[in-house]
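Dear colleague,

Please find the structure below, handed over for your own work. My notes on what was found in it follow directly after.

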Amino acid sequence: MPDDCLFCRIVRGEIPVLLVAQNDHAVAFRDINPQAPVHVLVVPRRHVKSLAEAADASELGAIALLAAQVARQEGIEQGGYRVVMNTGADGGQSVAHLHMHLLGGRPMSWPPG
Ligand code: 5GP
Ligand code: ZN
């Protein structure tokens, strides 16, 4: 749990966020720079650098299920939504603590940029 990791600090409550939901493995909070009407980040409580380093299936499952729960809570389940895990440099990952983006509330285009 690196002292200087932004999302570890958020999980520890050292940096204020708009908390949306949490479970034993994961915490969900609003993205500071939302790209859609609903833009929530779901992160593991434990420091994991990216999907490439992930090894715990129940932890990953808890992240995905929390994203689905938040989508329900936020009223975007019926309209649909997108989940994204930017991974590494080419994936566009800017914070080196695994996170799932939950985006919804507007139609999404494909392919992504
Ligand atoms: P990435 O680019 O790594 O896939 O996503 C990182 C996300 O973290 C970005 O969407 C960015 O807006 C968000 N973010 C960066 N710093 C903060 C912060 O201090 N608080 C919150 N709530 N989100 C942040
Ligand atoms: Zn971390």
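For the classes used here, Ala, Val, Leu, Ile, Met, Phe, Trp, Tyr, Cys and Pro count as nonpolar, Asp, Glu, Lys and Arg as charged, and the others, Gly among them, as polar. On that basis, the shell around ligand 1 holds eight nonpolar, seven polar and two charged residues.

Please note that this is a predicted model, in which local features need pLDDT of at least 70 and side-chain atom pairs count only at pLDDT 80 or more, while totals for chains, interfaces and linings use all residues. Residues are numbered from 1 along each chain as its sequence is written, chains are lettered from A and ligands numbered from 1 in the order in which they are written, and side-chain values use heavy atoms, with hydrogens and water left out.

The ligand site

Ligand 1 is surrounded by 17 residues, where a residue is near a molecule if one of its heavy atoms lies within 4 Å of it. The closest are D31, N86, S94, H99 and H101.

A polar side-chain atom of D31 is placed 2.5 Å from an oxygen atom of ligand 1. For H101, an N or O atom in the side chain is 2.8 Å from an oxygen atom of the ligand. V95 takes part through its backbone, a polar atom of which is 3.0 Å from an oxygen atom of ligand 1.

Taken alone, ligand 1 exposes 520 Å², and the protein buries 82% of that; accessible areas come from the Shrake-Rupley method with a 1.4 Å probe, and for residues only the protein chains shown count as cover. The elements that give two or more residues to the shell are α1 (6–11) and β2 (26–30). Of these, α1 supplies the largest share, three residues. Helices (H or I, at least four residues) and strands (E, at least two) are DSSP runs, numbered from the N terminus.

The side chain of H39 reaches the backbone nitrogen of Q35 at 3.0 Å.

Q93 is found in the loop between α3 (88–91) and β5. Its relative accessibility is 17%, so Q93 counts as buried. The side chain of Q93 reaches the backbone oxygen of K49 at 3.0 Å and the backbone nitrogen of G88 at 2.9 Å.

A cis peptide bond

Most peptide bonds are trans. The bond from W110 to P111, however, is cis, with omega near 5 degrees. P111 belongs to the segment after β5 (100–104).

Separations along the chain and in space

P2 is in the segment before α1 and is partly exposed, with a relative accessible area of 29%. P2 and R46 are 44 residues apart along the chain, and their C-alpha atoms are separated by 9.9 Å.

L51, in the loop between β3 and α2 (57–73), is partly exposed at a relative accessible area of 39%. L51 and I76 are 25 residues apart in sequence and 25 Å apart in space, C-alpha to C-alpha.

I76 itself lies in the loop between α2 and β4 (81–84) and is buried, with a relative accessible area of 7%.

V42, which lies in strand β3, is buried, with a relative accessible area of 0%. Between the C-alpha atoms of V42 and G75, 33 residues apart along the chain, the separation is 17 Å.

With kind regards

Conventions
Polar contact = N/O pair within 3.5 Å; in protein donor to acceptor, adjacent residues only side chain to side chain. Buried < 20%, exposed > 50% of the residue type's maximum accessible area, 1.4 Å probe, protein only.
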